[in-house]
Amino acid sequence: MTETTDIAELETDAGELAEFAEQIADQVQSFLISVRDIAGQPDEEGVDEGLASLPYLLLEVSQLLLAGGRLGAFEDFVPKERFESDAGPDPDLDAMRDRLAVLFEGLDEYAEVFDPYAAPPEITVNRLSDDLTAIATDLVHGLAHYQSGRVTEALWWWQFSYVSTWGAAASAVLRAIQSLIAHDRLEPAHDPETEATDRELVEVAEEVVQRR
């Protein structure tokens with residue numbers, strides 16, 4: 001059980017806050033495990049495997065954003081120390097980024113409005129592989145604090161980075177994934193036989209109209 005002595009001085013009940021932190025940590029770990037599993041898919045599977053992973057990824061990103069929303073709605077967390085404690089070196093996630101880029105080849109790049117309140121809005125080109133890796137980097141940094149017993153510091157970091165970086169990145173990724181799933185499920189597959197039948201029906205309809 002993670003130590004919770006550093007949250008006793010907050011106004012919120014220490015037990016409730018410890019439970020809240022545990023729930024956020026559980027969701028963070030679930031997201032990290034999922035992204036690593038998806039990145040571990042064989043390279044030769046290609047676009048089909050990338051598409052197959054999207055519903056799983058949609059669920060994890062949605063649940064992560066729920067955790068982020070809870071963090072954003074909560075009171076500001078303030079660590080006991082003025083300076084952030086050393087959480088140790090962040091893991092090198094470049095290999096995961098590269099694997100995701102291979103997995104989502106042809107689907108990786110997407111357009112996003114950087115700031116919807118900017119005038120005029122700025123359209124940027126993002127990559128799923130880059131954004132997922134950046135989100136994971138932010139999350140794993142806070143997880144290091146949590147696993148070391150610095151619960152308040154973990155919550156502070158997750159809350160701050162949600163507002164400043166990974167919240168926007170996860171929202172953009174979610175919209176991109178939703179769009180990919182919509183295109184995959186709603187757009188009919190290219191079928192020459194079906195197209196030929198459609199053309200025949202159009203020709204018959206035109207003949208009927210001409211006879212009237």
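Trainee: Which residue's side chain meets the side chain of Arg127 in a salt bridge?
Mentor: That's Glu109, at 3.0 Å from N to O. A salt bridge here is a side-chain nitrogen of Lys or Arg within 4 Å of a carboxyl oxygen of Asp or Glu. Arg127 lies in strand S2 (residues 123–127) and Glu109 in strand S1 (residues 109–113), so the pair ties together parts that are 18 residues apart in sequence.

Trainee: Before I go on, what sort of model is this?
Mentor: It's a predicted model, where local features need pLDDT of at least 70 and side-chain atom pairs count only at pLDDT 80 or more, while totals for chains, interfaces and linings use all residues. Residues are numbered from 1 along each chain as its sequence is written, and side-chain values use heavy atoms, with hydrogens and water left out.

Trainee: Back to Arg127, then: how accessible is this residue?
Mentor: Arg127 has 37% relative accessibility, so this residue counts as partly exposed. The cut-offs are under 20% relative accessible area for buried, over 50% for exposed, and partly exposed in between (1.4 Å probe, protein chains only). Salt bridges that share partners also join Arg127 into one network with Asp94, Arg97, Glu109 and Asp130.

Trainee: What about Asp94 and Arg97, how do their side chains meet?
Mentor: In a salt bridge of 3.6 Å, N to O. They're three residues apart in helix H3 (residues 94–103), which means about one helical turn separates them. Asp94 is partly exposed with a relative accessible area of 40%, and Arg97 is partly exposed too, at 26%.

Trainee: How many salt bridges turn up in the whole structure?
Mentor: Six. One of them joins Arg150 and Glu153, with the closest N and O atoms 3.9 Å apart. Glu153 counts as buried, at 6% relative accessibility.

Trainee: OK, zooming out: how many helices and strands does the protein have?
Mentor: Six helices and two strands. Along the sequence they run α-α-α-β-β-α-α-α. Helices (H or I, at least four residues) and strands (E, at least two) are DSSP runs, numbered from the N terminus.

Trainee: And what share of the residues is buried?
Mentor: 37% of the 212 residues count as buried. The accessible surface comes to about 12,700 Å², and 52% of that belongs to carbon and sulfur atoms. Those areas come from the Shrake-Rupley method with a 1.4 Å probe; for residues, only the protein chains shown count as cover.

Trainee: Is Ser161 buried or exposed?
Mentor: Buried, at 1% relative accessibility. Ser161 is also in helix H5. Setting aside neighbours within four places in sequence, Ser161 is in contact with Asp138, Trp166 and Gly167.

Trainee: Last one: which peptide bond is cis?
Mentor: The one from Ala119 to Pro120, with omega near -5°. Pro120 is found in the loop between S1 and S2.

Terms used
Contact means heavy atoms within 4.5 Å.
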